[in-house]
Amino acid sequence: MNTEIREELQEQKSTLGNIPKHYFVNNESIAADYLNGLEDNIWSKIQAESQPKAASVSLWERFSSRAQLAMAASIAFVGFGIFTIINTQDEFNLSQDDMLCYLQNEDEFVDNIQKDSKQYVNLDSLTNEEIKKYIAENEGLDVKSI
Amino acid sequence: MKLKDDEILTLCKSPTTLELGLRHLISQYKDKLYWQIKRIVDHHDDVEEVMQSVWIKVWQNITGFKGESQLSTWLYRIAYNESISYLQGRKKQNLADWELMEPTLDDKSSDPLFNHEKYDYKEILARIDKAIETLPSKQKLIFHYRYNEEMPYAQIADVTGTSEGALKASFHHAVKKIEEFIKKN
């Protein structure tokens, strides 16, 4: 036993300081083959640990390059379609200023509107007699009492 | 053939001799580490599990070992940390419980590797043996480091992260308790 430890034990007047060194392993034995075969056992575990683990292949990598190309083209096509629809819808969402500008510049359209408006009769310019005559002829009413 | 620590380290540093180096390392320290771990996790099946993770850790880190401490201290520290992590991971008991845990001698009968026939020891050794078993777990481990392994307090402090003063006090109390147990019985 280490003299330092023996002296420490003897200072305490311990029995341990007065008996030959004994390795106390709490009265237990272990399976002899466990420690005997430990080097092989551990080395096989280490080898298993050092084996490269199966690489995980992503879903994207599993597709062939042609399939990838087709997928990319499909996505582009769908994207273009959505883009077109959105832009088309925007044309109908004109502001009032845009519409006014359009009408002012469309001569043909304005002319037609003006022709239509000429068909309407200005009631203020009619006399009472003319109105009564119109009603009597078209509606069959007795207008003498009016 | 028994090699010195530095010779084992030289073997372990080279990939071509790593296996040979590790086999020597395991061969020389397996008993000591086994008993150290057993002082903490108690049951043989648990010791096996911890032993395995200890040696895997050693294999993973041996090339980076710079020799700042003794090889044995480094190994004991890995074994100590792995044992404590094992206890915490299993949530069998937290660390504070383990340090103060009083032993239950009857529990040993559940261990299939407990050898009852070894009670043929000389009377005094048997009594001391029983007395050691009555120590709380951490005190028992410190007694094991100091008496069985004859480790200096500085080395035990390095392994366990406990101050030298606390270790001296713990060993002193352990020896006192053993003496009292022998006198009582």
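Predicted model: local features only at pLDDT ≥ 70, side-chain atom pairs only at ≥ 80, totals over all residues.

Colleague: Which residues of helix H1 of chain A are buried, and on which side of H1(A) do they lie?

Modeller: Helix H1 of chain A spans residues 3-11, and A:Ile5, A:Glu8 and A:Leu9 are buried there. Buried means under 20% relative accessible area, exposed over 50% and partly exposed in between, with a 1.4 Å probe and protein chains only; helices are DSSP runs of H or I with at least four residues, strands are runs of E with at least two, and both are numbered from the N terminus.

Modeller: Residues are numbered from 1 along each chain as its sequence is written, chains are lettered from A and ligands numbered from 1 in the order in which they are written, and side-chain values use heavy atoms, without hydrogens and water.

Colleague: Which residues are exposed on the other side of H1(A), and against which helices of chain B do the buried ones pack?

Modeller: The other side of H1(A) carries the exposed residues A:Thr3, A:Glu7 and A:Glu11.

Colleague: Where is A:Lys13 found, and what is its phi?

Modeller: A:Lys13 is found in the loop between H1 and helix H2 (32-36) of chain A, and it counts as exposed because its relative accessibility is 71%. Most residues other than glycine have a negative phi. The phi of A:Lys13 is positive, near 55°.

Colleague: Is B:Glu150 buried, partly exposed or exposed?

Modeller: B:Glu150 sits in the loop between H7 and H8 of chain B. Although not a glycine, B:Glu150 has a positive phi of about 55°. Because its relative accessibility is 23%, B:Glu150 counts as partly exposed.

Colleague: How many helices and strands does chain B have, and what share of its residues is buried?

Modeller: The secondary structure of chain B comprises nine helices and zero strands. Along the sequence, the pattern is α-α-α-α-α-α-α-α-α. Of the 185 residues of chain B, the buried share is 51%.
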